[in-house]
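Hello,

Here is the structure I promised to pass on to you.

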Amino acid sequence: MSSSAAWSLAQGSLATFGPVFEEQPVGLLFPEESTEEQVTLACRARASPPATYRWKMNGTEMKLEPGSRHQLVGGNLVIMNPTKAQDAGVYQCLASNPVGTVVSREAVLRFGFLQEFSKEERDPVKTHEGWGVMLPCNPPAHYPGLSYRWLLNEFPNFIPTDGRHFVSQTTGNLYIARTNASDLGNYSCLATSHMDFSTKSVFSKFAQLNLAAEDPRLFAPSIKARFPAETYALVGQQVTLECFAFGK
């Protein structure tokens, strides 16, 4: 074989290679009430000759036909008018050329929601001045978890988190230690859902806090909000362990 032929063969072998992912799909949390009409799962691979793409949902290859709700745009999977019943699941992208095929990591498409609080009026809460008190949030049905804040009397007068006030980010309940006259008023729980495409907040009905005359009795500390016996977290993830107690 001549040197020029060998060089041409080497160049040809260098120019041909199997797919290598440059972008893989990532999991998405799509709001059920979103006004967005589509969701896109991204996939892009470098290959020579160029790769062709297929997608799997829950381990089964999808039929990406013209005019269907599922469209292939480049390597991306575009889902039109997504719904939880039809589209929630685990997706994988497959990129292929004559050299080989690569399969992406799994990407989970989930659907989130946050309903409204009950429209029923909330009962007043009464305690002795100087005692601790808990105001329940009772959040509405939701997925995934929520973050919580509390309003006193009107927006945006939010309750600060300090040594006397604690808002559980597990239950949404508000705990107030050593109540005094400044705590009198009407309280509303604000629950917020954070999703990939939007943020939604809902308010509860107001509940009135009333104080009776101070009770001079003393009592030992009692833990009202506690962290679970076991807590799991990913390496490098921030973890909050809740603990709040009443006592006098």
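The largest nonpolar core in this predicted model has 20 residues, and Tyr53, Trp55, Leu77, Tyr91 and Leu109 make the most contacts inside it. Several strands give two or more residues to this core: S2 (28–31), S3 (38–41), S4 (44–48), S5 (52–57), S8 (76–80), S9 (89–97) and S11 (107–114). There is also a second, separate core of 19 residues, and among its members are Leu114, Leu174, Ile176 and Ala191.

Leaving out residues up to four places away in sequence, Tyr53 touches Cys43, Arg44, Ala45, Leu72, Gly74, Gly75, Cys93, Leu94 and Ala95. Two of those neighbours, Cys43 and Cys93, come back in the next part.

**Disulfides**

How many disulfides does the structure hold? The count is 2, and counting bonded cysteines along the chain gives the pattern 1-2, 3-4.

Cysteine 43 is buried at a relative accessible area of 2%, and cysteine 93 is buried at 0%.

Cysteine 137 and cysteine 189 form a disulfide as well, their sulfur atoms being 2.1 Å apart. The torsion about its S-S bond is about -75°, so this disulfide is left-handed. Cysteine 137 lies in the loop between strand S13 (133–135) and strand S14 (142–143), while cysteine 189 belongs to strand S18 (residues 185–194), so the bond ties together parts that are 52 residues apart in sequence. Both cysteine 137 and cysteine 189 are buried.

**Salt bridges**

Searching the whole structure gives 8 salt bridges.

Glutamate 22 and arginine 44 meet through their side chains, at 3.2 Å from N to O. Glutamate 22 is in strand S1 (residues 17–23) and arginine 44 in strand S4, so far as the chain is concerned 22 residues apart. Glutamate 22 is partly exposed at a relative accessible area of 43%, and arginine 44 is partly exposed at 39%. Both belong to a network of salt bridges that links Glu22, Glu23, Arg44 and Arg46.

Arginine 69 and aspartate 87 form a salt bridge at 2.9 Å, N to O. Arginine 69 is found in the loop between strand S6 (60–61) and strand S7 (70–73), and aspartate 87 in helix H2 (residues 84–87), so this pair ties together parts 18 residues apart in sequence. Is aspartate 87 buried or exposed? Aspartate 87 counts as buried, at 0% relative accessibility, whereas arginine 69 counts as partly exposed at 23%.

Glutamate 121 and lysine 205 form a salt bridge whose closest N and O atoms are 3.5 Å apart. Glutamate 121 is in the loop between S11 and strand S12 (125–128) and lysine 205 in the loop between strand S19 (199–203) and strand S20 (207–212), so parts 84 residues apart in sequence are tied together. Glutamate 121 counts as exposed at 60% relative accessibility, and lysine 205 is partly exposed at 30%.

**Aromatic rings**

The structure holds 4 aromatic pairs. The ring centres of phenylalanine 155 and phenylalanine 203 are 6.2 Å apart and the planes are at 85°, so the pair is edge-to-face. Phenylalanine 155 lies in the loop between strand S15 (147–152) and strand S16 (165–167), and phenylalanine 203 in strand S19, 48 residues apart. Phenylalanine 155 is exposed, at a relative accessible area of 57%, and phenylalanine 203 is partly exposed at 40%.

For phenylalanine 166 and tyrosine 175, the ring centres are 6.2 Å apart and the planes at 40°, so this pair is tilted. Both of these residues, phenylalanine 166 and tyrosine 175, are buried.

Phe155 and Phe203 form one aromatic cluster together with Phe158. Arginine 149 lies over the face of phenylalanine 158, at 3.7 Å from the ring centre.

Best wishes

Methods:
Residues are numbered from 1 along each chain as its sequence is written. This is a predicted model: local features need pLDDT of at least 70, side-chain atom pairs count only at pLDDT 80 or more; totals for chains, interfaces and linings use all residues. Side-chain values use heavy atoms; hydrogens and water are left out. A nonpolar core is a set of buried Ala, Val, Leu, Ile, Met, Phe, Trp, Tyr and Cys residues joined through side-chain atoms within 4.5 Å. Buried means under 20% relative accessible area, exposed over 50%, partly exposed in between (1.4 Å probe, protein chains only). Helices (H or I, at least four residues) and strands (E, at least two) are DSSP runs, numbered from the N terminus. Contact means heavy atoms within 4.5 Å. A salt bridge is a side-chain nitrogen of Lys or Arg within 4 Å of a carboxyl oxygen of Asp or Glu. Rings of Phe, Tyr and Trp (its six-membered ring) pair if their centres lie within 6.5 Å; planes under 30 degrees apart count as stacked, over 60 as edge-to-face and the rest as tilted. A charge sits over a ring if NZ of Lys or CZ of Arg is within 6 Å of the ring centre and within 35 degrees of the ring normal. A disulfide is a pair of cysteine sulfur atoms within 2.5 Å.
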